[in-house]
Amino acid sequence: MKKKTIALAAAVVVIAGAITAFMLLNNSLGNNVEIESVIPAQNQGTETQEAGTANAAAATGAAVTAEQLNGAWSIADTSKVYWSVTTSKETVNFVDPSVTGTWNVNLEDASSMTGEGTVEMSALDSGTGQRDEHVKGADFLAVTEFPESTFTVSSFSELPAEWTEGKAVPVELQGTLTVKGIEKDVTFDSQAVYSGGQLMLSGTTMVTFEDFGMSNPHSIVLDTENNLEVRLELVLSK
């Protein structure tokens, strides 16, 4: 009887340990980063009547002059770039707050506009140190060898001549994204807002692990999709 009691107790300890280990693993593999948009939600999207109403309300702001918009803008230190990968359980976000760059705006001539940005990959953070170390390692981003990723704009879509403070306008950025020294032509579908003397730009594009010489991670616990979403959440100041 005593042996049965000991065996039962041992089984309970093993099961409890397994449950605890699973919970810890689940927490470490899960998403710990929420994407923060620099553009208020009511200024994004026009697919629903509610969003359209919100945009109409935002349009009651002051008119923005070309003089206020034209010129050289620099990416402020409140800017972030997000990298998101979808696993068999959920979407996991990585955030990188170490972003620098410029956008030279010319409302009269979109072809003369230029833009570029640089991201320090060592600052990439998913909220889980062990996972971040693995992603930055030689099997994936090889951050020691390739410490920076860059995006250089080759063309901008035409911007409206008239802007309203606080109201989002669509802008498409075509250019070259370079990761691990490998170049990929991409298009960021974006929105821009002028508010309080600053420009806010929010845009996304989709790439794959293969685009930059990587294989999407797989394990006995999780599978991941090959696609990666890259999201710009930039605040720019003159």
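Trainee: What should I know about the model before reading any values?

Mentor: This is a predicted model, in which local features need pLDDT of at least 70 and side-chain atom pairs count only at pLDDT 80 or more, while totals for chains, interfaces and linings use all residues. Residues are numbered from 1 along each chain as its sequence is written, and side-chain values use heavy atoms, with hydrogens and water left out.

Trainee: How many aromatic pairs does the structure hold?

Mentor: Rings of Phe, Tyr and Trp (its six-membered ring) pair if their centres lie within 6.5 Å, and planes under 30 degrees apart count as stacked, over 60 as edge-to-face and the rest as tilted. Under that rule, the number of aromatic pairs in the structure is three.

Trainee: Which kind of pair do tryptophan 103 and phenylalanine 156 form, and which strands do they come from?

Mentor: Their centres are 5.5 Å apart with 5° between the planes, so by the rule that planes under 30 degrees apart count as stacked, this pair is stacked. Strands (E, at least two residues) are DSSP runs numbered from the N terminus. The two partners are 53 residues apart and link distant parts of the chain, with tryptophan 103 in strand E5 (residues 99–105) and phenylalanine 156 in strand E7 (residues 148–156).

Trainee: Is tryptophan 103 buried or exposed?

Mentor: Buried means under 20% relative accessible area, exposed over 50%, and partly exposed in between (1.4 Å probe, protein chains only). Because its relative accessibility is 4%, tryptophan 103 counts as buried.

Trainee: What is the relative accessibility of phenylalanine 156?

Mentor: Phenylalanine 156 also counts as buried, because its relative accessibility is 10%.

Trainee: Which kind of pair do phenylalanine 151 and phenylalanine 188 form?

Mentor: Phenylalanine 151 lies in strand E7 and phenylalanine 188 in strand E10 (residues 182–195), 37 residues apart, and both are buried. With 4.9 Å centre to centre and 70° between the planes, their pair is edge-to-face.

Trainee: Which residues does threonine 178 touch, leaving out residues up to four places away in sequence?

Mentor: Threonine 178 lies in strand E9, and it is buried because its relative accessible area is 16%. Taking contact to mean heavy atoms within 4.5 Å, the residues that threonine 178 touches beyond four places in sequence are Ser149, Thr150 and Glu183.

Definitions and conventions
Helices (H or I, at least four residues) and strands (E, at least two) are DSSP runs, numbered from the N terminus.
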